[in-house]
Amino acid sequence: MAALHQAIDGGVNFIDTADVYGMGRSERLVARLRKERSERIFVATKAGRRLAKQTVEGYTRENLTDWVNDSLRNLETESLDLLQLHCPPTDLYYKPEVFGILDDLVNEGKIQHYGVSVERVEEALKAIEFPNVKTVQIIFNCFRLRPAGLLFEQTKWKQVGILARVPLASGLLTGKLKRETRFDEEDHRNFNRHGEAFDVGETFSGVDYERALEAVEQIRPLVPTGASMAQFALRWILMFDAVSCAIPGGKRPAQVTENTKASELAPLSADAMAKVKDIYDRRIGPLVHQRW
Ligand SMILES: NC(=O)c1ccc[n+]([C@@H]2O[C@H](COP(=O)([O-])OP(=O)(O)OC[C@H]3O[C@@H](n4cnc5c(N)ncnc54)[C@H](OP(=O)(O)O)[C@@H]3O)[C@@H](O)[C@H]2O)c1
């Protein structure tokens, strides 16, 4: 709660959550935040991951309506600001009837807008063919450049919002992680390094840990005096005008303060932007570029 309040104090007015984060607990904490604050706070939540197994057949009218009703209850609201499909199977983007169900939920007033959270650029390109998809949430950071190609061109043209998730590459781009860093047992950075539990791209952006640490050392000298590497990494994202919002996962008030201040940094130099691209092209791209 302290971290959430710190975010609002720092000018944040948009929070990304999901029905499965703490199985409703995250949504309930956000509801509490909204009650404790007078500012208008926009909340994006997600649906789909409560399925025991990810199948296209699971995205029925009944299930989608139940998930939305549960989120409405948890968030203590009459209408969701933004509902995102939570990384559904690729084939779902070839099922217009699912997007028809979402249109019906908008018409019923249960949701204001809907969007998608995706793993791959190709899924996003397919999703934005549906005219009422308003946002795409996708991994985008100094170690994940592919969205900045065709996808950003298309979303800008179609006026679809981009939510840049995992902006710090799970903490790598804060510059604080080391070879010997250990993570809690229930932390995905401990158990999903090789995609054991879910898509490997969600952990450290899918980059081999040792190789990523070497690339971090090459980025470090680019950080302007007075800024932290986390701020540099977030400001780098905001240099792309296709991006509506970066959604770093700050856990503690101090992290949140540091992250929110990133938007106050001066624009990064063309030289710094070119150097990040060069580090990516030489060290990271060959490992991951074709995958997401
Ligand atoms: N499929 C999906 O739709 C999906 C999947 C993943 C994430 N998301 C969304 O994206 C958001 C961000 O993802 P993420 O949290 O996995 O990745 P991230 O923002 O790249 O990394 C967050 C981690 O970095 C560390 N950190 C954050 N700010 C810091 C700072 N200023 N200084 C030092 N360390 C800092 C924290 O870890 P420690 O302090 O523990 O080191 C935190 O857990 C999530 O909150 C969620 O809303 C969505």
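This is a predicted model: local features need pLDDT of at least 70, side-chain atom pairs count only at pLDDT 80 or more; totals for chains, interfaces and linings use all residues.
Me: How much of the area that the ligand exposes when taken alone does the protein bury?

Reply: Side chains also reach the ligand, with an N or O atom of Gln137 lying 3.3 Å from an oxygen atom of the ligand and a polar atom of Tyr21 lying 3.5 Å from a nitrogen atom of the ligand. Taken alone, the ligand exposes 900 Å², and the share of this area that the protein buries is 84%.

Me: Which helix gives the most residues to the shell around the ligand?

Reply: There are 26 residues around the ligand, and those that come nearest are Asp16, Ser117, Lys176, Lys251 and Arg252. Three residues of the shell come from the helix that gives the most, which spans residues 253-260 and is α10.

Me: Is helix α1 parallel or oblique to helix α2?

Reply: Helix α1 (residues 2-9) and helix α2 (residues 25-36) have axes that come within 10 Å and cross at roughly 50 degrees. Because angles under 35 degrees count as roughly parallel and 65 to 115 as roughly perpendicular, α1 is therefore, relative to α2, oblique.

Me: What is the handedness of the crossing of α3 and α4?

Reply: The axes of α3 (residues 61-75) and α4 (residues 96-107) come within 10 Å and cross at roughly 40 degrees, so the two helices are oblique to each other. The handedness of their crossing is right-handed.

How values were computed: Residues are numbered from 1 along each chain as its sequence is written. Side-chain values use heavy atoms; hydrogens and water are left out. A residue is near a molecule or strand if one of its heavy atoms lies within 4 Å of it. A polar contact is a pair of N or O atoms within 3.5 Å; within protein, one must be able to donate a hydrogen and the other to accept it, and residues adjacent in sequence count only if both atoms are side-chain atoms. Accessible areas come from the Shrake-Rupley method with a 1.4 Å probe; for residues, only the protein chains shown count as cover. Helices (H or I, at least four residues) and strands (E, at least two) are DSSP runs, numbered from the N terminus. Axes are lines fitted to C-alpha atoms, for helices over the stretch in contact, and angles run from 0 to 180 degrees between N-to-C directions. Angles under 35 degrees count as roughly parallel, over 145 as roughly antiparallel, 65 to 115 as roughly perpendicular and the rest as oblique. A crossing is left-handed if the near helix is turned anticlockwise from the far one by less than a right angle, and right-handed if clockwise.
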